Amino acid sequence: MSGAQTRAATIANKDQPGRHIPTVTDGHYYLSEVRLEEGFEHEGEVVVGTRTGIHTLEIQNGCIKALHGTDAALEPALPRYNAQGKLLLPAFRDMHIHLDKTFYGGPWQAPLPRQGKTIMDMIAREEVLLPKLLPTSQTRAERLIDLLLSQGSSVARSHCNIDPVSGLKSLEHLQLALANYRDSFECEIVAFPQHGLLHSKVDRLMREAMSMGVHYVGGLDPTNVDGAMEASLDAMFQIALDHDKGVDIHIHETNPAGVAALNYMIATIEKTPALRNRLTLSHAFALSTLRLDELNEMAGRMATQGVTVVSTIPIGQRTMPLPQLRAKGVTIMTGTDSVIDHWSPFGTGDMLEKANLCAQLYGGSDEFRLSRALAIATGDVLPLSNEGEMAWPKPGDTAEFVLVDASCSAEAVARRSPRRATFHKGRLVYGAVERA
């Protein structure tokens with residue numbers, strides 16, 4: 001039993017009666033009494049509700065083999081588990097988190113005041129802090145993975161420090177943690193030069209990280225941190241090209257330098273076909289400073305080149321133009337970013353919370369828009385199409401889903417409904433279900 005399953009069993013056995021099963025590892029089984037969305041209910045042209053029905057999923061080799069109605073004849077020899085009418089939603093995806101450096105899993109520790117501190121001041125703090133975190137970084141990463149699984153996220157992308165202080169140790173510890181969850185949790189790794197690719201002179205370490213199985217080349221504010229926008233971005237892209245990797249860059253800059261960096265990156269992709277569909281802009285706050293005509297022009301170029309934006313959906317002085325980007329065809333994802341570290345104490349690891357915030361910020365208080373807001377948490381996988389047709393799950397889909405105490409996805413988003421079980425590739429990795 002993996003570490004995740006052991007902890008799932010502990011949680012389930014503490015709170016659940018004896019018939020509840022905290023581990024499902026069968027290669028072929030039924031999950032009955034599953035609530036699926038079947039269509040929208042209308043009053044005239046207005047969506048006023050969501051129609052659901054009870055189904056049985058047949059799961060084999062980590063995939064959904066078939067959907068059966070309540071009156072279907074089921075194979076009596078197959079194991080059967082009961083979802084007790086819980087709503088089935090696609091598994092959530094936390095696409096920007098730092099699993100490698102966190103206070104989570106240890107005693108409470110609030111960050112020091114940030115008022116008046118620059119990003120370079122924060123980096124200086126981190127240079128002192130990292131040696132203290134490294135001895136427990138694997139264990140804390142595992143606690144964070146447990147948190148994500150409990151919130152319904154079984155897929156993530158984690159940025160991992162590559163810096164002169166920790167060298168490759170943060171990466172090594174993160175990979176050890178992920179190895180303990182190989183059957184429960186899927187995670188891409190971004191090699192992240194938190195202290196500046198040029199400023200901290202980590203080109204060699206970044207290239208070593210690529211040979212260790214990292215999925216993306218990271219970067220950071222090329223003007224504010226590295227002090228040389230074009231040289232910094234060129235170096236980042238060159239590592240990606242040399243190692244056939246994608247890029248996921250932290251770009252916080254909101255001054256004109258931030259807009260210049262965005263334009264430079266898009267122009268680089270336009271003249272370098274090998275980078276097309278391989279750039280992710282994390283944060284990209286400069287997009288919130290553009291006039292509508294400028295935004296539409298840049299978003300069109302981004303969509304053409306397959307540029308993705310990952311936003312934590314920040315609240316504050318500026319609101320990210322996520323609906324406008326999506327309307328132009330830009331892929332939008334979300335993530336936690338920090339969970340209780342020296343940058344912020346507010347991360348919860350809850351992608352339903354991000355969908356809820358998205359709905360609040362962008363006017364999604366009705367049934368239809370609440371249901372659409374879920375897309376940012378699931379990688380654009382939704383139970384119903386915009387027309388109200390069943391779109392997920394379908395035979396052949398990977399069995400990655402979460403059971404939720406809600407009547408429909410709109411309620412789940414609005415109320416951030418409790419998660420009762422998380423499945424990853426057919427395996428129960430958090431919570432419990434009844435043995436039927």
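Student: Which hand does the crossing of H3 past H4 have, left or right?

Tutor: H3 passes H4 in a right-handed crossing. Helices here are DSSP runs of H or I with at least four residues, strands are E runs of at least two, and both are numbered from the N terminus. The model is predicted: local features need pLDDT of at least 70 and side-chain atom pairs 80 or more, while totals for chains, interfaces and linings use all residues. Residues are numbered from 1 along each chain as its sequence is written, and side-chain values use heavy atoms, without hydrogens or water.

Student: What makes H3 oblique to H4?

Tutor: The axes of H3 (residues 137-150) and H4 (residues 169-179) come within 8 Å and cross at roughly 45 degrees. That makes the pair oblique, since under 35 degrees is roughly parallel, over 145 roughly antiparallel, 65 to 115 roughly perpendicular and the rest oblique. Axes are lines fitted to C-alpha atoms, for helices over the stretch in contact, with angles from 0 to 180 degrees between N-to-C directions.

Student: Which residues make that contact?

Tutor: With contact meaning heavy atoms within 4.5 Å, H3 gives Ser 137, Gln 138, Ala 141, Glu 142 and Ile 145, and H4 gives His 173, Leu 174, Leu 176, Ala 177 and Leu 178.

Student: Why is Ile 340 called buried?

Tutor: Its relative accessible area is 17%, and buried means under 20%, exposed over 50% and partly exposed in between (1.4 Å probe, protein chains only). Ile 340 lies in the loop between strand S14 (331-334) and helix H10 (351-361), and its phi is near 50 degrees, a positive value.

Student: What makes Asn 61 count as exposed?

Tutor: Asn 61 has 65% relative accessibility, so it counts as exposed. Its phi is also positive, near 50 degrees, and it sits in the loop between strand S3 (46-60) and strand S4 (63-68).

Student: How do you know that the peptide bond from Trp 392 to Pro 393 is cis?

Tutor: The omega of that bond is near -5 degrees. Most peptide bonds are trans.

How values were computed
A crossing is left-handed if the near helix is turned anticlockwise from the far one by less than a right angle, and right-handed if clockwise.
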